Amino acid sequence: MALRLIELVLHEEDSADLRALLKDYNVLEHRQIRLENEEVLVRILLDSEQSEPVLDLLEKRYTGKEGNRVVVVPIEATLPRAPVEPEPESAAPSEKLPPGEEPPKEKTPERIGREELYEDIKSGARLSRVYLAMVALSTVVAAIGLYNNNVTVVIGAMVIAPLLAPNVALSLGITLGDLSLLRQGMLTALAGIAAALVLSVLIGVLLDVDPTLSEMASRTRVGLGDIVLALASGCAGALAFTAGVSATLIGVMVAVALLPPLVTSGLLLGGGHPSLATGAFLLFLVNLICVNLAGMTTFLVQGIKPTNWWEKDRAVKATRISIVLSVVLLAILVGMIVLTRRG
């Protein structure tokens with residue numbers, strides 16, 4: 001796991017007990033540099049896995065005072081190299097520890113800190129002209145690929161489709177009970193969906209759309225494989241963000257589940273095939289629900305939760321309601337699709 005450098009400026013009297021507070025954490029380096037006006041610059045180098053509990057500790061103890069701000073910086077490399085410590089073996093439940101020996105500590109989750117994850121997702125889910133332009137470009141490319149029955153061009157559209165971040169923002173906003181992030185993710189996602197749908201309808205009006213082409217026909221019905229693909233995509237997208245790695249390739253997977261059926265629906269609707277367009281749009285809705293359901297579940301399994309107890313209570317309620325609603329909506333949509341096929 002990568003390293004993080006945490007920096008903050010404290011008043012000299014506030015920094016006195018900081019070293020003792022950090023003794024329970026695997027801190028690679030801790031330095032305090034005296035500044036002017038009786039202030040101290042604190043630098044803490046540690047594994048990114050340890051950053052969340054340390055940030056929670058610093059937030060509770062120090063950030064309430066005016067002027068105190070904690071900054072987290074990702075570290076590319078450091079010399080000398082950080083030692084690689086073997087994972088401690090946990091004692092069996094039935095074993096009794098020797099006198100004076102402490103029980104093993106709870107294993108730190110293998111992910112970046114909550115605040116760093118929040119900023120990464122928030123910055124990627126902003127509604128901007130660049131985002132809308134990328135949605136428009138990917139829609140045009142996907143429409144051309146579908147119209148020409150060219151799977152290579154359709155895959156190319158997935159590479160530039162910016163659909164991962166808004167959906168992950170929705171999942172994280174619900175998991176944390178953060179209304180601001182939830183609104184931002186929902187607004188950005190809805191704007192992208194509306195732009196792609198309207199543009200693809202206009203393209204469908206201009207072109208002679210053939211609904212029998214395999215690339216279109218395969219996206220007018222929902223199969224078990226589509227549901228599994230969407231669930232896997234949502235899970236992989238959330239894991240990519242929590243691991244702090246590039247989510248570009250994972251974004252292609254999410255785009256595969258969302259953009260082609262949405263563009264197919266618009267093309268068929270503009271081309272005068274409303275029944276088939278409805279089937280494609282139902283596939284899009286099923287995939288959208290699956291992606292967000294998988295994202296919420298992944299964040300829960302990763303142990304991502306708010307800091308304060310009242311926020312945790314609100315987040316737990318919001319997550320439970322959202323998961324139940326998602327499962328119910330998914331069951332209703334799948335039921336509608338099955339009944340439509342039989343009819």
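Reader: How many helices and strands does the chain have?
Author: The model is a predicted one, and 42% of the 343 residues of its chain count as buried. Among contacts between residues at least 6 apart in sequence, 78% join residues at least 24 apart. As for secondary structure, the chain has 12 helices and 4 strands.

Reader: At what angle do helix α6 and helix α11 pack, and is α6 oblique or roughly parallel to α11?
Author: Helix α6 covers residues 164-176 and helix α11 covers residues 274-301, and their axes lie 9 Å apart at an angle of about 45°. Angles under 35 degrees would count as roughly parallel and those of 65 to 115 as roughly perpendicular, so the angle between these two helices makes α6 oblique to α11. The crossing of the pair is right-handed. The angle asked for is therefore about 45°, and the relation of α6 to α11 is oblique.

Reader: Which residues in α11 are met by residues in α6?
Author: From the side of α6, the residues taking part are Asn167, Val168, Leu170, Ser171, Leu172, Ile174 and Thr175. Their partners in α11 are Leu288, Val291, Asn292, Gly295, Met296, Phe299 and Leu300.

Reader: Why does Ala280 count as buried, and which residues is Ala280 in contact with beyond its neighbours within four places in sequence?
Author: Ala280, which is found in helix α11, has a relative accessible area of 0%, and because buried means under 20%, Ala280 counts as buried. Leaving aside neighbours within four places in sequence, the residues in contact with Ala280 are Arg219, Thr220, Pro261, Thr264 and Ser265.

Reader: Which residues touch the most other members of the largest nonpolar core?
Author: The largest nonpolar core has 54 residues. One of its members, Leu259, touches Ser138, Thr139, Ala142, Ala157, Met158, Ala161, Leu163 and Ala196, not counting residues up to four places away in sequence. Apart from this core lies another, of 14 residues, among them Ile6, Ile44, Leu46 and Leu57. In the largest core, the residues that touch the most other members are Leu117, Ile121, Met158, Leu172, Leu259, Leu267 and Phe299.

Reader: Are Cys235 and Cys290 buried or partly exposed, and how many disulfides does a search of the whole structure find?
Author: Cys235 has a relative accessible area of 29% and is therefore partly exposed, whereas Cys290, with a relative accessible area of 0%, is buried. Across the whole structure, the number of disulfides found is 0.

Notes: Residues are numbered from 1 along each chain as its sequence is written. This is a predicted model: local features need pLDDT of at least 70, side-chain atom pairs count only at pLDDT 80 or more; totals for chains, interfaces and linings use all residues. Side-chain values use heavy atoms; hydrogens and water are left out. A nonpolar core is a set of buried Ala, Val, Leu, Ile, Met, Phe, Trp, Tyr and Cys residues joined through side-chain atoms within 4.5 Å. Buried means under 20% relative accessible area, exposed over 50%, partly exposed in between (1.4 Å probe, protein chains only). Contact means heavy atoms within 4.5 Å. A disulfide is a pair of cysteine sulfur atoms within 2.5 Å. Axes are lines fitted to C-alpha atoms, for helices over the stretch in contact, and angles run from 0 to 180 degrees between N-to-C directions. Angles under 35 degrees count as roughly parallel, over 145 as roughly antiparallel, 65 to 115 as roughly perpendicular and the rest as oblique. A crossing is left-handed if the near helix is turned anticlockwise from the far one by less than a right angle, and right-handed if clockwise.
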